[in-house]
Amino acid sequence: MSKIKTIVVEDEPLAREGLLSYIREVDFLEVVAACENALDANRVLSSAQVDLMFLDIQMPRLTGIDFLKSLTRRPMVIMTTAYPNFALQGYELDVMDYLVKPFPFDRFLKAANKARDFFTLRAQAPQNTTPVREDYFFVKCDYRYEKIHFDSILYVEGMENYIVIHTAEKSFMTLLRMKNIEEILPTPAFMRIHKSYIASVKAIAAIDGNEVIIGSKRLPLSRERKAEILERLLKH
């Protein structure tokens, strides 16, 4: 696996050096830059390849939250802060993890491993987007790869940086984002019915108001997508 190119954005010198020392201990991370503020980080992001950013929240001039909101293309982000009350805002912005200072090395390594797993799965995703003759794909669940047939999938549920693939037999949780699995699943057999759900067209038993019924499950149906979804279902 190629190394994950990483930057640190931290205005406190001691905290910055401590984080850099942690990163140097991990063989799959490579430091690209260490920045004192968001403006310096913005210049790095515009000129260098960055896969992962350790981002402090409380910084002068521009907070980490506001900086993240300003980015149209984001690397993976692990937030670092002394204030745990910002966690919800961070997860709403789809961050990979949230480290509360002072954090020990084992907690840092857990976050880094999560980023590594997602980085690996994202690199593999394009290989699964054009299965010419194959009717299945593999996803990593815990420490093994599971084979999933397209026709066994009922629906996919998005959960922050994870998804859960629900089949009739069991459910599979994997570190993958909705946009990645959406690229893998063939159309028109699957459709996005809500920001957090992708449904198998053949598994949809009924639409009741703003809900889609699949087996015993009632899934939310996006009001913005309802007309398009109904049109596609009626054509099917």
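**Grounds for the terms used**

Reply: The side chain of Asp 51 makes a polar contact with the side chain of Gln 49, at 3.3 Å. The model is a predicted one.

Me: What makes the pair of Asp 51 and Gln 49 a polar contact?

Reply: The cut-off for a pair of N or O atoms is 3.5 Å. The side chains of Asp 51 and Gln 49 make their contact at 3.3 Å, and therefore the pair counts as a polar contact.

Me: Where is Asp 51 found, and why is Asp 51 called buried?

Reply: Asp 51 is in the loop between α2 (38-47) and β3. Its relative accessible area is 9%, and buried means under 20%, so Asp 51 is buried.

Me: Where is Glu 10 found, and is Glu 10 buried or exposed?

Reply: The loop between β1 and α1 holds Glu 10. With a relative accessible area of 2%, against a limit of 20%, Glu 10 is buried. Its side chain reaches the backbone nitrogen of Glu 12 at 3.0 Å. Leaving aside neighbours within four places in sequence, Glu 10 is in contact with residues including Arg 16, Asp 56, Met 59 and Lys 101.

Me: What is known of the place of Met 59, and why is Met 59 called buried?

Reply: Met 59 lies in the loop between β3 and α3 (64-70). A relative accessible area of 7% is set against the limit of under 20%, so Met 59 is buried. The C-alpha atoms of Met 59 and Asn 37 are separated by 6.5 Å, the two residues being 22 residues apart along the chain. Neighbours within four places in sequence left aside, the contacts of Met 59 include Val 9, Glu 10, Asn 37 and Gly 64.

Me: Why is β1 described as largely enclosed?

Reply: Five of the six residues of β1 are buried, so the rest of the structure largely encloses this strand.

Me: How do you know that β1 and β2 pair, and which strands are the edge strands of the sheet?

Reply: Pairing requires at least two bridges. β1 and β2 have six, in the parallel sense, so they count as paired; Ile 4 stands opposite Leu 29 in β2. The open sheet has five strands in the order β2-β1-β3-β4-β5, with parallel pairing. Its edge strands are β2 (29-35) and β5 (97-100), as each pairs on one side only. Neighbouring strands are turned by 20° against each other on average, direction ignored.

Me: What makes β3 and β4 a pair?

Reply: Strand β3 (residues 52-56) and strand β4 (residues 76-81) share five bridges in the parallel sense; the requirement is at least two, so the strands pair. Phe 54 stands opposite Ile 78 in β4.

Me: How many aromatic pairs does the structure hold, and why is the pair of Tyr 22 and Phe 108 called tilted?

Reply: There are eight aromatic pairs. The ring centres of Tyr 22 and Phe 108 are 5.3 Å apart, and rings pair if their centres lie within 6.5 Å. Their planes stand at 45°; stacked would be under 30 degrees and edge-to-face over 60, so the pair is tilted. Tyr 22 lies in helix α1 (residues 13-24) and Phe 108 in helix α5 (residues 105-124), so the pair ties together parts that are 86 residues apart in sequence.

Notes. Residues numbered from 1 in each chain as written. Predicted model: local features only at pLDDT ≥ 70, side-chain atom pairs only at ≥ 80, totals over all residues. Heavy atoms only, no water. Phe/Tyr/Trp six-rings, centres within 6.5 Å; stacked < 30°, edge-to-face > 60°. Helix = DSSP H or I, 4+ residues; strand = E, 2+ residues; numbered from the N terminus. Axes fitted to C-alpha atoms, helices over the stretch in contact; angles between N-to-C directions. Buried < 20%, exposed > 50% of the residue type's maximum accessible area, 1.4 Å probe, protein only. Polar contact = N/O pair within 3.5 Å; in protein donor to acceptor, adjacent residues only side chain to side chain. Contact = heavy atoms within 4.5 Å.
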